Amino acid sequence: MAQKQLVLIALATVVLHAAEVPGKTCLRPAVGSAITEPEDLRSRNGVLEANLTIHNSTEADGSTRYCYIDGNGNLSPNLRLKPGDLLILHLKNDLTEADPKGAPANHMHAHMHAGKSGDPCMSGAMTATSTNLHFHGLTIPAVCHQDDVLKTSVSPHDAPFEYRFRIPADEPPGLYWYHPHIHGFSKVQVLGGASGALIVEGIERANKEVAGLPERVLIIRDQDLLNPNAPPSKSEPVVPKMLLDRDGDAANNGTGFGKPAKDLSINFVPVPYPDYPPAAIEMKPGERQLWRVLNASAITYLNLAVLFNRKPQQLGLVALDGVPLNQSGLVGDLVDWQDHLGVPPGARVEFIVQGPPSGVTGLLVTRTVDTGPSGENDPNRALATIKGSENAAEPRSTLAATPDRLAPRAVEWLGKVLPVRTRRLYFSEKLTDPNNPNSATEFYITVDGKTPALFDAHSGVPDIVAKQGTIEDWIIENRSTELHAFHIHQLHFLLLEYLGKPVNEPFLRDTVNVPYYKDKMLAYPSVRLRMDFRDPNTIGTYVYHCHLLEHEDGGMMGLIRVEPADAGKAP
Ligand SMILES: [Cu+2]
């Protein structure tokens with residue numbers, strides 16, 4: 001009898017654990033719900049200190065969700081700091097082995113690599129249950145406890161791991177973000193929902209056009225299809241039968257319709273295929289707001305538009321990838337009015353939106369993106385309704401109405417400095433068996449002249465060596481038949497040429513599309529970027545890669561070492 005009771009008690013304990021402590025599960029709002037804002041964690045007296053736990057759970061439908069939970073149970077909070085503020089995060093890894101179906105398909109090089117010590121700074125473990133943080137877009141050092149993703153790896157049995165760094169005093173004000181960056185496992189964690197916004201405050205100090213505006217953070221994520229076997233909606237035109245691309249996702253069919261590679265969510269409200277029931281936003285009629293939109297998708301491109309009565313509205317772009325459009329200091333308070341905004345995975349757009357008239361319900365949509373013959377299908381779809389209503393609640397934050405002006409940058413505008421050299425890199429893909437179109441694909445980014453090789457997380461040998469204090473031009477070519485998104489850690493770059501044509505952008509980016517190659521093209525599509533290694537925080541060893549995470553996990557990543565200006569000496 002006593003033994004039976006013991007068993008019952010043990011069972012009860014197990015059940016309690018499985019049912020989760022309240023606030024410790026990756027809860028998701030229902031389809032069609034009103035969009036809420038992520039909670040704000042704001043710095044006070046120059047410091048923001050917070051506990052962040054990464055958690056996952058396998059759902060009844062077999063999908064795996066990931067989320068960050070702060071000390072108060074908030075999901076994936078906004079981290080809000082001013083330039084110069086100190087951020088201290090205590091990252092606890094609460095990951096459990098996910099459903100095998102959620103694991104990456106071909107992770108031949110993403111094997112278990114036991115560290116030599118229990119030190120998360122030296123671990124280098126790249127496993128399904130290891131994690132770390134990358135602070136996308138910030139020019140902070142690539143060292144442990146700051147923004148190193150090569151060796152830093154926190155395991156579930158580790159004590160909370162401390163991230164501690166200052167937002168640089170000259171970091172452009174805008175939208176940045178945090179997400180895990182474990183090679184081979186970035187996709188599964190980010191696709192599951194592991195991401196959040198980091199806002200460097202003061203955009204209204206850079207551009208007076210946004211002073212006094214209410215602001216809203218919208219995070220668009222992708223996730224595996226909730227209804228993978230459903231036929232397309234009856235309201236859609238009939239499209240060619242869906243095939244799979246090289247990554248095993250629904251392939252681009254070139255029509256703008258059909259089954260998407262992934263579902264999307266907006267602030268975690270799912271908008272699932274095939275009918276895309278939109279999430280809901282309310283705005284006061286005619287009110288201007290600043291929308292800060294992050295594409296935290298693992299593989300999905302966005303092309304955002306706002307429609308009133310099916311008519312595209314003007315969106316006033318003021319910042320891209322965290323950098324105000326007037327970053328050069330040469331163009332005044334620039335607002336770039338557009339009726340659609342392309343956003344590759346990893347990129348951010350900050351723009352002015354005007355609320356619909358009273359009684360009108362507008363629509364936030366993503367238009368189709370042509371990802372190339374072997375790219376994913378990113379069809380047209382609704383994301384959220386925008387209802388004009390006198391009773392609409394104001395967003396939580398409003399930008400200062402009469403801000404002091406941001407000081408001009410101390411360094412010369414990147415467009416005016418000559419590069420010390422030009423390098424050529426290219427994206428390419430290769431079937432493991434050239435005679436079998438269904439064999440696995442290998443993904444490369446290669447310095448022209450070298451032999452393509454998959455990224456090796458443990459080699460430590462840089463593909464590129466540069467010197468701090470210098471400027472370089474990089475030409476990035478795409479020799480594959482799908483779109484890729486080039487991203488580099490620790491710095492922003494200036495886009496100088498797109499498809500061989502000069503562009504004149506007064507701002508910087510950290511992620512850029514490189515269009516796909518097609519038969520009979522006379523040259524590989526390319527972009528020319530001016531890379532800025534002047535900031536001492538760019539010293540160190542870090543990565544550049546495609547921001548489609550299945551490409552990054554699959555090997556499309558390279559290593560750069562930036563050496564200190566005072567020659568020869570190790571940092
Ligand atoms: Cu790619």
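**Close-up 1. Aromatic pairs, starting with Tyr68 and Tyr178.** Searching the whole structure turns up 12 aromatic pairs (rings of Phe, Tyr and Trp, the latter by its six-membered ring, with centres within 6.5 Å; planes under 30 degrees apart are stacked, over 60 edge-to-face and the rest tilted). One of them joins Tyr68 to Tyr178 in an edge-to-face arrangement, 5.3 Å centre to centre with 65 degrees between the planes. This pair links distant parts of the chain, with Tyr68 in strand 3 (residues 64-70) and Tyr178 in strand 8 (residues 174-179), 110 residues apart (strands are DSSP runs of E, at least two residues, numbered from the N terminus). Tyr68 is buried, its relative accessible area being 0%, and Tyr178 is buried with 0% too (buried means under 20% relative accessible area, 1.4 Å probe, protein chains only). The model is predicted: local features need pLDDT of at least 70, side-chain atom pairs count only at pLDDT 80 or more, and totals for chains, interfaces and linings use all residues. Residues are numbered from 1 along each chain as its sequence is written, and side-chain values use heavy atoms, leaving out hydrogens and water.

**Close-up 2. A cluster of rings.** Ring pairs connect Trp474, Phe486, Phe493, Phe533 and Tyr544 into a cluster. Both Phe486 and Phe493 are buried.

Close-up 3. Cys546 and His551 are buried.

Methods
Buried means under 20% relative accessible area, exposed over 50%, partly exposed in between (1.4 Å probe, protein chains only). Helices (H or I, at least four residues) and strands (E, at least two) are DSSP runs, numbered from the N terminus.
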